[in-house]
Every structure is written in structure tokens, then in C-alpha cells.
Amino acid sequence: MKKIPSLFLIVLLIHLQWGNITVYGASAVNSEVDFETQTNSTGVTITKYKGTAKDITIPDKINNQAVMIPKDVGSFQRLAVGASTSLDVRLEVPSTSVYGSSVQINASVNEFVPGSVIKLYDGNTLLDSTEILSSEPIIKNRSQYDAPAVAGANLICATCSSGYTTVDTIEWNGLTYWTFSYSANTEYTKLVAVDSMNRIVKVWENVAPVRYVGEMILEANGTITLKGQGTSPNNYQPYNLNLDNYAYSSTSFAITNLALGDHQLRIEYTRDGNAIDGSSLTTAHTVVSPASMPTANPPSGVVTSGTTVELSTSTVGATIYYTTDGSTPTNASIPYTSPISVTNNMTIKAIAVKAGTPDSQVMSESYTIIPAETPTANIRGGTVTSGTTVELSTSTVGATIYYTTDGSTPSYTSIPYTSPISVTSNITIKAIAVKASTPDSQVMSESYTIMPAETPTANIRGGTVTSGTTITLSTATVGATIYYTTDGSTPSNTSTPYTSPISVTSDMTIKAIAIKVGIPNSPIMSESYTLLPAGTSVLNPSPPSPSHQILIQRVVKNGEIIYLGNVTLENVQAIIQQLTSEKERVVGVIFPAEAANVDTTLTVQRAAVEYLAKQKVDLFIQIANATIRVPHTSLNDFTDNLFFRIAPIEQTERKVIEENAAQNQKVQDFITNKMSVNLLGDTVAIKTNLQSRPVIVTLPIPADATEEQIASLVVYIEHSNGTAEVKRGRIVEFEPGVKGFQFEVDHFSTFSLLYTSEVQDEEVNRLAPYIQGYPDGSFKPNAPVTRAQMATMLARFLTNGDIPTTMNSSFKDTIYHHSKDAIEVVKQTGLFNGTTETTFNPNGTITRAQMATVVTHWLETGCVKEPSKTICHVSGKAKSYTDVSSTHWAASAIEQVSESGIMTGNSETTFNPNGSLTRAQAVKVLNQLFERPVLEDIPMSTFSDVPSTHWAIGEIESAATERIVNK
């Protein structure tokens with residue numbers, strides 16, 4: 001018999017004379033019955049060892065096949081350590097833990113058998129288990145400063161030589177083995193095993209008669225050679241350390257789902273699926289509830305200076321401690337006794353502390369002070385007359401405005417604004433608003449250029465006139481002299497000085513300039529006149545119109561009436577100076593009602609076009625059968641006289657257009673499955689030289705149009721080249737008491753309103769707007785939503801814009817609030833409650849987490865009543881966010897809104913639960929709850945601060961305008 005002493009369960013690669021035999025197991029005295037074998041054509045393979053002894057004995061023959069032991073024992077591979085005859089099971093469990101936190105549980109057994117399992121139970125409920133896997137020991141050089149602290153022992157070689165800082169350690173089966181000595185003169189070594197967290201698992205005493213180990217060597221037979229000082233301090237001697245004597249199994253469990261209350265945590269050790277007697281060990285553990293995390297009212301967001309923040313906790317008897325510098329609070333921090341005044345940007349962190357109860361989680365709320373409102377000037381920067389006075393103002397009560405006129409950045413040391421600023425030279429006025437305890441406003445900047453002499457004007461604008469018409473020239477610049485030419489050449493101070501009216505007896509172009517010493521020459525006036533043929537009469541306004549009125553002529557030629565309008569630079573300058581509202585920066589031209597029935601042409605002189613663009617003022621044209629609004633941005637870089645020609649379409653032509661529309665493929669594609677299309681109202685042809693630039697057109701809707709017809713309206717545009725297009729639009733007010741259909745175009749031809757016949761028998765819903773803009777024409781999409789605003793939006797939807805008035809007030813802070821009635825509506829429905837029994841905090845902002853709870857409450861109540869609603873059918877997958885823990889008070893609501901897709905994170909990984917909900921975000925969420933369709937093809941934004949490129953323009957327009965939809 002061949003015997004290989006070993007305390008390890010090994011795999012031997014056995015070379016037979018005619019083949020290979022693989023042997024698994026460990027035995028002292030073995031026979032063939034201790035092995036399971038497999039016979040094949042070339043020999044015998046041992047597939048399993050069934051013995052129990054620690055040494056392996058290989059029979060001389062297996063199945064009458066001689067066995068040859070290989071000489072290269074270094075090729076042996078360690079698989080396992082034999083079972084211990086004296087089992088030592090250890091369990092390390094903290095006595096208590098906080099509910100929701102992770103409980104670290106450590107277990108160990110004084111043997112290492114691959115395939116064995118350490119199981120953790122809570123009573124008889126299995127919580128987790130760890131299977132023991134084999135690994136090879138390795139030698140690893142480690143810093144002495146990583147060693148565990150062992151009482152009464154010294155780290156071997158810590159004093160071997162000056163500057164020596166590293167030692168050899170053994171890494172084996174998830175544990176690290178360190179060698180220690182008892183004292184400098186003792187030749188006995190202590191072996192210490194630690195786990196991955198450097199906690200001591202086991203200590204073995206007197207493992208080797210070696211002191212000051214200088215080197216470890218892993219031998220091929222599975223032993224460790226320790227080289228260290230022996231009896232002779234200067235001579236190293238080896239000692240073989242057999243690791244089988246120190247085999248150990250250790251594991252850690254991290255348990256997070258333990259319920260509140262007492263638990264009996266138990267480990268059980270099994271081999272081959274069977275529990276080992278004496279391996280079960282039980283320890284008591286209690287899970288306690290921490291104090292409730294404080295909440296702040298109002299939560300994080302943008303607030304005004306002086307806002308007070310109230311902290312509270314639902315844990316009775318707990319004390320709140322807080323900080324305002326962002327540091328983590330402790331029971332040594334400031335105790336909360338009264339509301340905290342926010343006078344600068346700050347982060348409030350707070351905990352709730354109660355004796356006998358774990359401290360709460362840390363609340364964190366960040367506040368940003370709203371800066372003073374940026375000053376505004378009553379006259380925007382641009383070209384002004386000398387002596388123009390500019391008034392500055394800010395909406396921040398109590399703020400002081402400081403300004404400069406040299407273009408430098410103002411500060412509180414600059415000139416304080418006390419009276420209007422007179423502009424007598426080219427200047428740039430910059431201003432800021434400053435108020436104590438409030439961040440300074442942004443810098444206002446307006447640049448003014450002194451206007452040159454006023455351009456001369458003619459009492460009769462260029463156009464078609466009768467022979468002998470006299471043209472009177474004038475300028476508003478006192479003391480200026482007008483020089484002119486009639487041959488189209490450029491006038492100068494050497495041209496003919498104007499002294500009397502000019503008689504037009506032939507086609508001519510009058511050009512004129514105003515010159516005054518000390519100021520720049522005026523721009524050149526240019527008016528071209530064409531004589532009317534004989535038999536033509538002209539009716540002009542009499543007396544001559546003031547400079548701010550635009551000349552409109554009614555011309556009768558051979559019995560046919562036409563209307564001509566002419567807009568000059570003088571007209572737009574005079575009108576713009578009278579504009580007082582930033583919302584309506586527009587120059588309007590209104591034609592008489594008769595013009596809707598005849599050809600009407602409006603000409604805008606080039607200089608007037610350029611001035612409109614420079615001053616950022618729109619052009620508005622109104623006739624009884626159409627209005628045209630040209631945004632000032634569409635006039636940029638337009639270098640010609642602008643004209644629009646509007647003409648009605650006769651009934652016979654309308655019939656042809658209706659037939660074309662019914663057969664047009666684009667119309668059919670656009671209104672799929674509709675049975676027929678019909679024209680509604682007048683058809684109008686519009687021509688212009690302003691092409692490929694967006695213009696807003698509104699067509700009147702007949703008073704007798706039904707709601708069903710209005711609900712299906714589109715505009716059909718037929719071009720002269722035979723092509724056509726179809727556009728959606730929106731319902732607006734054409735004029736008081738008259739609805740209009742508004743759309744945007746950049747090419748002009750023939751425009752007809754179409755409605756479909758399919759909805760004639762269907763009912764429609766009229767949806768009132770549930771949100772409004774501000775008086776200055778803005779929407780403020782990025783402003784935070786207040787609690788009162790959210791209550792108002794919900795109430796408007798619930799009542800379809802008809803919020804009932806009430807004399808009652810459930811909250812003392814809403815008695816005189818303008819949203820009191822809306823707040824009462826949402827309180828009665830249970831959608832919105834107060835922050836306390838008696839307060840609502842109407843001006844506090846809504847956080848994204850709070851909005852998520854409003855949404856879930858809406859879904860929970862609404863989907864019970866109407867389960868067929870689209871929003872009641874979740875098809876998405878909830879996302880997890882790094883800033884929303886499982887214990888967050890709104891975690892469930894955030895998961896639900898994420899799963900439904902109604903709310904998303906502010907990034908791929910974060911939800912920003914404490915961030916303020918903006919007005920744009922609010923309407924996007926509410927439109928989904930209200931199942932309110934998003935508007936598309938919006939011709940023009942209703943609000944000055946929501947451009948057509950804004951991500952939420954469709955959501956905002958849908959929420960802020962009346963909608964008519966099919967039921």
C-alpha cells in the first residue's frame with residue numbers, strides 16, 4: 001500500500017501504467033471499497049472517495065490495475081480540509097438594530113469542508129446561507145499597520161530592523177493569517193486569523209518555536225515554512241507549519257428586512273445537506289424603531305428673505321436638533337424651539353432625538369433667497385430724441401436702485417436713482433436693485449442713441465394720385481431745414497430747400513432730408529407717386545391725419561373700389577413712442593369693414609420695416625375677413641418695401657376649392673376615415689413679398705358655427721401651383737364676441753376653413769383653462785408652484801373653471817387669500833390638506849415628492865371610479881433613484897409615478913424629491929391626470945417668456961387656453 005500523509009482533502013493525478021486515475025478523498029487505511037470507480041477501455045478512473053480518515057492510502061491495485069504514484073507531488077491540488085472532530089460554532093450578533101438598517105451578523109466554524117453550508121435563521125425562517133468554497137493559500141506581503149490589535153502580543157518582525165514596515169501573511173479561504181510573538185525573547189509564535197473586515201475570527205497559541213518570522217514559503221505539499229530566529233538570534237531556521245490544523249470557515253450576513261420587535265437569530269452548520277449535531281447556535285436580537293425624521297414647512301426651494309421654516313416630528317416627546325451651515329446635526333446642535341428665519345441661502349439639517357429610541361434619519365432642506373427684481377426702464381434701449389427721460393423701477397418693495405450711465409457695472413456705491421434720467425447724448429444705463437437681507441438683482445442694461453433730425457414726411461404718402469396733387473413736407477425737428485429732390489437723386493444741403501408744397505404733375509419720386517446744426521442729418525424720406533388714369537376718383541381723409549395715424553385711401557377706378565394703406569417711418573415712430581404695455585408692442589393697421597369685400601393692399605415703407613424690427617415691435621393688419629400679425633423677428637434683414645394684398649374669393653371659386661379639398665390626398669390623410677369635408681365662412685386670398693418667414697393669420701369663425709364644427713376645424717391652403725397643405729390651429733378671440741381660428745404660415749395663397757361631417761352627431765366637451773399667466777404677459781415657466789396655485793389648478797379642473805364661492809375658511813392663513821375658495825374645494829375632495837389643522841401655508845412651494853403624493857392620491861381615487869381611464873393602466877417599469885431611499889416618506893409615491901411615466905427624474909439617476917416643482921413641470925403632470933391633449937402646431941405663444949422652442953409650450957398652451965374636444 002502507498003500512504004501519503006496529509007490533513008488536506010486533495011486531488012491526486014494518478015498515473016497508471018496504461019492510463020490515468022483521478023483520486024478524490026482522504027483516508028488512513030483504504031481498500032477498493034472506499035473508492036467509486038469508472039472503467040473504460042484504457043483503464044480505471046476513481047470518481048469519488050467515500051472514506052473518513054485524514055490520510056490517503058492508495059491500494060497497490062485497483063480493479064487489478066497496478067497504481068504508479070507520480071514523483072512530482074507539486075502537481076497535487078488542494079480541494080478541502082477534513083472535518084473537525086470537535087466542532088466549535090460561533091455567532092456574533094448585535095443586541096439591537098434600527099428598523100430599516102442593515103444588521104451585520106458574523107458566523108464561524110472551526111473546520112473547512114467545501115460544499116458545507118452555514119445557514120442563518122430567524123426562528124425557523126431561513127434568512128440567508130453561505131456555501132463554503134475551496135481556495136489555495138497564498139503568501140501576501142502586507143503593511144504592519146494593517147495588522148489587527150492583539151492583546152499581549154507583538155507583531156513579529158515589527159522590530160526586526162530599522163525602517164521595516166511589511167510582513168508576510170497567509171491568505172486562505174477568505175481569511176488572513178498573521179503571526180505574532182509573545183515577547184522579544186520568547187520562541188513561540190501565535191497565529192491570528194481575521195476576516196475581510198479585519199475582525200479576529202480565531203487565535204491559536206504556540207503554533208511554532210520560532211520568533212521574529214522573516215519569511216514565509218508555501219511548500220508544494222500544502223505546508224507553510226516559517227523562516228525566523230531560533231535559539232541563535234543571528235541564524236534563521238525553518239519550521240514547517242501545517243495549515244490543516246488551523247482550517248476555519250467564516251462568513252458575514254447583511255440582513256435588512258427584519259421586522260420591528262424581538263428575534264431569535266440562529267445559525268446551523270450542514271455537511272452533505274445534513275445538519276451537524278451541536279452546530280446550532282441562537283442569539284436574541286431586537287429591532288427598534290427610530291424617531292421620526294423631522295419635516296420642514298415650507299420644504300426646500302426658492303423663498304423670499306425672512307421666510308420662516310417650521311420643523312416638526314411625529315415622535316411624541318422627541319427633541320429636534322438642527323444646523324443651518326450644512327453640517328450633520330447631533331444632540332449637541334441647536335435645539336429647535338421656534339421657526340427658523342431664512343435671511344440668506346442656507347441648508348437646514350435636523351434630527352429628532354428621544355431617550356431610549358434611536359436617533360432619526362437626518363432631514364436636509366436647502367433654501368435659496370429670491371433676489372431683488374431686476375430694474376426695468378419705461379423706455380427700452382434704442383434711438384430716442386434728445387432730452388428723453390428714462391424712468392427706472394423695480395417690483396421689489398423697499399429696494400433701492402443704483403445706476404451708471406457710462407456702461408460700467410453698478411453697485412451700492414453708484415448713483416442712487418431718485419428721479420428720471422435725461423438722455424442728452426448716447427449713453428448706456430445699467431442699474432441694479434439692492435435691498436438689505438436680499439441678494440442684489442441682476443443688472444439691467446439699456447443703451448440709448450440720440451435720434452438725428454426727424455425724417456421729413458409727406459402729407460400724402462407715396463402711391464397712386466391724381467395730377468396736380470400737392471405734397472406738403474414737414475419735420476418734427478424744430479429749426480431744421482428740409483432739402484429735397486424730385487428726380488430720385490439723394491438730397492443734401494445743396495439740394496432745393498423746401499419752402500412751399502410740391503405739385504405732382506407727372507410720375508415722380510420725392511426724396512427729402514432734414515438738416516439742423518448740432519445734430520445728425522435725418523434719414524432720407526422717399527415717396528414715389530404715380531398719376532391715376534383719367535376717369536379715376538380718390539377719396540382721402542380730410543383733414544390730413546395726425547402723424548401717428550396711418551393713411552388709408554379708398555380708390556374708385558372705373559366703378560371698382562379698392563383700398564390702399566401706406567405705413568411710413570413717421571407713423572411707426574409716433575405710435576411706438578405712445579406704447580405703454582410691454583405685452584402689446586405692436587403697430588396696428590385697421591381697415592374699414594368695406595375693405596373685406598374688395599381688394600385691399602397695405603404697403604409698409606422700407607424704413608418703417610427696419611424701425612419695427614429694430615424696436616422689436618410687431619405689425620398687425622386687421623380686415624373684417626382676416627387678421628395678419630407679423631412678428632418683429634420676421635422683419636429682420638428685410639430690405640424692401642413690404643406689401644400685403646388681401647382679396648375675397650367669389651362663391652363660384654369657393655365651390656371649386658371645396659371640391660379640390662374633398663379630393664386632395666393630403667386632406668384625406670389628415671382627416672383619416674372622415675366621410676366628407678365642408679368649407680366654413682369666407683375664403684380669402686393673401687399675397688405678400690414676405691416669404692419663408694413665419695406670420696400669424698387668424699380667420700373669423702361664423703357666429704352660427706356649431707361646437708361640433710368648431711371642434712373639427714382645420715385650415716386648407718391651396719397654392720397657385722396646384723399644391724395644397726392642411727394645418728391645425730387654435731381657437732382664439734378674433735374680436736369681441738367673435739371667435740377666430742389662428743395658425744402660422746410662411747407661404748401665402750388661398751385660405752379656407754374646413755370642418756368634417758363625422759362629428760356632426762357627436763357631443764363635445766368644453767374644457768376651461770386651469771392656469772393663467774401674469775399681468776405682464778409672462779408665464780414664468782421655471783417659477784416654483786405654490787400650494788395655493790396648485791389648489792387653484794386642481795379646483796379649476798374639478799369645477800371646469802367655475803369655482804364656487806364660500807364664506808367659510810378652514811384655515812386661519814387663507815381667510816383673506818385670493819385662492820381661499822379653490823383651497824376649500826380641494827380640501828373637501830380630500831386631494832389637498834393643510835400643513836396643520838389650522839394652517840394651509842398657501843405661499844409655500846410644492847416639492848416634487850409632494851407632487852408625487854398628489855398624483856398617487858388622484859390615481860387611487862379616480863381609477864376606482866373610472867378604471868377605464870388611460871392613466872389607470874400602467875405599462876412602464878419603475879426606476880430607482882439614488883436620492884430616494886427605501887425609507888423616504890414618499891418612496892412609494894415616487895415609484896408609482898415613475899412606473900406610470902407621469903413624472904420622471906431630473907436626471908437618469910436622480911429624482912430631486914426636495915426640489916421645487918416648476919409651473920412648466922406642473923402642467924405637464926396635470927395634463928396627464930386631466931387627460932388633456934397637448935397642443936401641436938402652435939402658431940404663436942400666448943406668453944412672452946415661452947418661445948416656440950420651449951420644451952413645454954404644447955403643455956402650457958393646452959393648460960392655459962379653452963379646449964373643445966369630442967366626448
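Helix α8 has buried residues, and what covers them includes α6 (787–799), α9 (891–900) and α10 (919–929). All of this comes from a predicted model. Helix α8 itself runs over residues 848–865, so to speak, with 18 residues in the run. From the first C-alpha to the last, α8 reaches 26 Å, close to the 26 Å expected at 1.5 Å a residue. Its buried residues are Arg848, Ala849, Met851, Ala852, Val854, Val855, Thr856, Trp858, Leu859 and Cys863.

The crossing of α6 and α10 is right-handed. On the α6 side, the contact is made by Gln789, Met790, Met793 and Leu794, and on the α10 side by Arg919, Ala922 and Leu926. Sorted by class, the residues of this contact are five nonpolar, one polar and one charged.

Elsewhere in the chain there is another helix pair to look at. Helix α1 (residues 569–577) packs with helix α2 (residues 606–614) at an angle of about 30°, their axes 7 Å apart. That makes α1 roughly parallel to α2. Here Leu569, Val572, Gln573 and Ile576 of α1 meet Ala607, Ala608, Tyr611 and Leu612 of α2. This contact of α1 with α2 has seven nonpolar residues, one polar and no charged ones.

| Residue | Phi | Relative accessibility |
|---|---|---|
| Asp637 | near 65° | 69%, exposed |
| Asn841 | about 55° | 18%, buried |

Asp637 sits in the loop between β60 (626–630) and β61 (642–648). Asn841 is in the loop between α7 (820–829) and α8. Asn841 counts as buried because its 18% relative accessibility falls under the 20% cut-off, whereas Asp637, at 69%, counts as exposed.

There is also a cis peptide bond, joining Asn297 and Pro298, with omega about 5°. Pro298 lies in the loop between β28 (295–297) and β29 (301–303).

Stepping back to the whole chain, there are eleven helices and 70 strands. Buried residues make up 46% of the 967 residues. Of the contacts with a separation of 6 or more, 65% are between residues 24 or more positions apart.

How values were computed:
Residues numbered from 1 in each chain as written. Predicted model: local features only at pLDDT ≥ 70, side-chain atom pairs only at ≥ 80, totals over all residues. Heavy atoms only, no water. Helix = DSSP H or I, 4+ residues; strand = E, 2+ residues; numbered from the N terminus. Expected span 1.5 Å × (residues − 1). Buried < 20%, exposed > 50% of the residue type's maximum accessible area, 1.4 Å probe, protein only. Contact = heavy atoms within 4.5 Å. Left-handed = near helix turned anticlockwise from the far one by under 90°. Nonpolar A, V, L, I, M, F, W, Y, C, P; charged D, E, K, R; others polar. Axes fitted to C-alpha atoms, helices over the stretch in contact; angles between N-to-C directions. Parallel < 35°, antiparallel > 145°, perpendicular 65-115°, else oblique.
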